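User: I'd like to go through the labels on this one and hear what backs each of them up. Here is the structure.
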Amino acid sequence: MSDNQNNFAIAILAAGKGTRLKSKHPKVLHEIAGKPLLGHVVAAAKHVVPANQIFAIIGHEAGLVRAAMASTGIEFVEQKEQRGTGHAVLQTREALKNFHDVLVLSGDVPLICKETIERVLAFHRESGAAMTVLTTEPADPFGYGRVFRKDGGRSDEVERIVEQKQLSEKQLAHREINSGIYAFRVKSLFAHLEEIKTDNPHGEYYLTDIVKILADAGEKVVALRADDANEVLGVNTRQDLAQLDAQLRADKCRALMNAGVSIFKPETCLIDADVQVGPDTVIEPFVQLLGETKIGSECRIRSYSVVSNSTLGNNVLLRNGSIVDQSHVADGALLGPYCHLRPGSDIGEQAHVGNFVETKKAKLGKGSKANHLTYLGDAEIGTGVNIGAGTITCNYDGVKKYGTKIGDNVFVGSDTTLVAPIEVGSGAYIGAASCITENVPEDALAVGRGRQVNKEGWAKKKRTEQKKK
């Protein structure tokens with residue numbers, strides 16, 4: 001949206017409680033497809049205007065909402081008392097004073113898209129209206145306010161909006177509903193907003209009442225019907241959350257498959273809205289790709305693996321049941337099965353992290369391998385290193401954590417314990433079952449274990465003594 005962009009703001013109603021969700025948390029922070037309801041609305045809005053032209057009206061647990069949305073860069077307006085939608089919009093008077101138009105969105109309508117936002121604004125400006133109401137006709141209109149147009153429904157102009165509880169028996173059959181999404185001429189909105197009364201069952205200031213107020217003042221109020229009813233339906237119950245989550249995830253899988261990603265049994269996969277996957281990657285059943293994960297081309301993600309807020313390069317094989325969290329994996333790496341990359345792990349090109357290997361803040365260089373039953377924490381490991389089965393870096397002394405540094409082409413024998421802080425020089429060998437407590441020079445052999453002692457006949461003598469007892 002480029003025309004008059006600086007005169008167009010978006011206000012998002014986000015002050016409500018999660019009452020109907022039976023929750024103590026803010027309604028807009030409940031998540032679907034990997035991010036809060038409000039996050040989806042903000043993402044759509046940011047495709048239309050810059051973040052500093054988006055104002056979230058917050059109230060219940062305002063601090064939590066601010067914290068959750070801080071990274072988006074949007075502005076906040078606080079409604080200290082939750083006295084209805086009309087009162088909420090009134091709090092934006094100062095913030096919106098320099099804008100010509102404002103689009104009011106609901107923070108619990110997560111499927112809204114930028115095309116609809118742009119369409120509403122264009123229609124609003126072309127019609128020269130003081131207010132535009134986005135409407136739709138769902139299969140079941142129960143619970144929504146109904147929009148009644150002039151001329152028996154043939155006109156674009158709106159006569160009134162009647163809330164569900166105030167509908168007459170005859171009006172109940174009317175199916176065109178108010179989506180709760182509006183465009184206003186800012187000057188007209190604030191000239192009349194304080195005329196709203198609280199003569200309704202909840203004693204609140206309903207923004208919908210502004211329709212009749214504007215019409216009585218000779219201002220033009222119009223309605224625009226949305227193309228897709230599902231896009232503008234809000235969340236009121238936990239069932240609504242589940243249904244919209246399923247819809248968004250199904251849409252995400254379709255979009256990825258259309259872009260060249262193979263997903264087997266997509267209905268079993270959990271793929272968040274912001275995940276990116278390159279072409280010719282294969283995703284097997286029961287995979288979870290979460291947060292802002294990015295996966296390159298020609299990878300294979302096998303069943304039961306979970307990747308969260310991580311980056312995988314091209315040609316990566318992630319075998320069954322592996323977990324990758326806040327980590328980076330370079331091209332051609334081979335992971336799993338059942339490995340666990342904890343936050344801060346950095347796996348190099350063609351490196352191997354095998355079964356039941358755990359890493360944390362560990363860097364594994366190009367071509368290095370840790371194939372079995374190993375823990376690598378706070379470690380920097382060079383290229384071409386072999387880490388034997390059962391190796392652990394002892395990085396914590398009960399108070400502080402310390403680092404382990406291993407050079408290139410080192411061979412670490414099985415069941416080695418590396419007590420940090422420690423350095424192993426390039427080309428060194430460490431004998432199996434060693435406990436290494438001192439630095440190892442380059443190209444040295446380090447053996448840190450007690451000398452073996454064999455006592456001939458000891459076992460036979462022991463068995464004889466046990467029989468006599």
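Analyst: Let's start with pairing: two strands pair if DSSP finds at least two bridges between them. Strands here are DSSP runs of E with at least two residues, helices are runs of H or I with at least four, and both are numbered from the N terminus. By that rule, eleven strands form an open sheet in the order S12-S15-S18-S21-S24-S27-S29-S31-S34-S37-S39, with parallel pairing.
The edges are S12 (262–263) and S39 (445–446): each has a single partner strand, so one side of each is left without a neighbour in the sheet.
As for ground rules, this is a predicted model, where local features need pLDDT of at least 70, side-chain atom pairs count only at pLDDT 80 or more, and totals for chains, interfaces and linings use all residues. Residues are numbered from 1 along each chain as its sequence is written, and side-chain values use heavy atoms, leaving out hydrogens and water.

User: What makes S18 and S21 a pair?
Analyst: Strand S18 (residues 300–301) and strand S21 (residues 317–318) share two bridges in the parallel sense, and the rule asks for at least two. Ile301 stands opposite Leu318 in S21.

User: Why is Ser368 called buried?
Analyst: Buried means under 20% relative accessible area, exposed over 50%, and partly exposed in between (1.4 Å probe, protein chains only). Ser368 comes out at 0%, so it counts as buried. This serine is in the loop between S28 (358–364) and S29 (369–372). Its side chain has a polar atom 2.6 Å from the backbone oxygen of Gly382, and one 2.9 Å from the backbone nitrogen of Val385.

User: And what makes Ala43 partly exposed?
Analyst: Ala43 has 27% relative accessibility, so it counts as partly exposed. Ala43 lies in helix H1 (residues 37–46).

User: What makes the S4, H2 and S5 unit right-handed?
Analyst: With the strands pointing away from the viewer, a right-handed crossover runs clockwise from the first strand over the helix to the second. S4, helix H2 (residues 62–69) and S5 make a β-α-β unit of that hand. Strand S4 (residues 54–58) and strand S5 (residues 75–78) pair in the parallel sense over four bridges, with Phe55 opposite Glu75.

Notes. A polar contact is a pair of N or O atoms within 3.5 Å; within protein, one must be able to donate a hydrogen and the other to accept it, and residues adjacent in sequence count only if both atoms are side-chain atoms.
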